[in-house]
Amino acid sequence: YWHSDVSFRPRPAMASLLYAIEVPSVGGDTLFANMYMAYEHLSPTMQEFLGGLRAQHDFDVNTKVGFSHETIEQEDLDGANRCDHPVVRTHPDSGRKCLYVNPGNTACIEGLNAQESRVILDFLYEHSVQAEFIYRHRWRAGDLVIWDNRCTMHYAIVDYEEDRYLCRTTVIGERPV
């Protein structure tokens, strides 16, 4: 599922590093969506509308989109990892604006009723994963990919039968603004 790492925390991931140790001969690619481009290709009216909104990010959304892991801490499931962030964030280094919602962690847009929130989020998710906004990485053993979680979301394609072993490290960032 599409997500940005640990966006459900007050200080979500700044960057993630993924190192491929063992990869299948076919499949197992990772897709990356450029959320700068997703924002920039919205109409000025939609950009203005979204600019003042905040979205609740909640770890529990992971379980609804198929995430399962043996080491989930109970506090993650008890709402300890839930916070709100701007729907449009300004990157602290580039100063550029980008969308900051993702189907893996974003529960709702604050101030909208459930139906309004769902319609807007579904539109943004579909809009964000247009082919022209996507980079597809085909893994080879020894690859190291580093991405900025503040302006991307990613999706690991589970279409392989052989072993796939990668090591990930995540660098925690600042509070989104």
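This is a predicted model: local features need pLDDT of at least 70, side-chain atom pairs count only at pLDDT 80 or more; totals for chains, interfaces and linings use all residues.
**Entry 1**

I began with the open sheet of three strands, whose order is 9-1-11 and whose pairing is antiparallel. Strand 9 (144-148) and strand 11 (165-172) are the edge strands, each pairing on one side only.

**Entry 2: the pairings of strand 1**

I next took strand 1, residues 13-22, and its link to strand 9; the two run antiparallel and are joined by five bridges. In this pairing I found Leu-17 opposite Ile-146 of strand 9. For strand 1 with strand 11, I noted eight bridges, also in the antiparallel sense. Here Glu-22 stands opposite Tyr-165 of strand 11.

**Entry 3: helix 2**

I turned to helix 2, residues 44-51, and asked which of its residues are buried. They are Met-46, Gln-47 and Leu-50. Viewed down the axis of helix 2, these buried residues fall within an arc of 105°, and therefore they line one face of the helix. On the face turned away from this buried side I recorded the exposed residues Pro-44, Thr-45 and Glu-48.

**Entry 4: what helix 2 packs against**

Lastly, I looked up the partners of the buried residues of helix 2. These residues pack against two helices, helix 1 (35-40) and helix 5 (114-128). They also pack against strand 5 (88-90) and strand 6 (97-99).

Notes
Residues are numbered from 1 along each chain as its sequence is written. Side-chain values use heavy atoms; hydrogens and water are left out. Two strands pair if DSSP finds at least two bridges between them. Helices (H or I, at least four residues) and strands (E, at least two) are DSSP runs, numbered from the N terminus. Buried means under 20% relative accessible area, exposed over 50%, partly exposed in between (1.4 Å probe, protein chains only). The arc is that of the directions from the helix axis to the C-beta atoms. Contact means heavy atoms within 4.5 Å.
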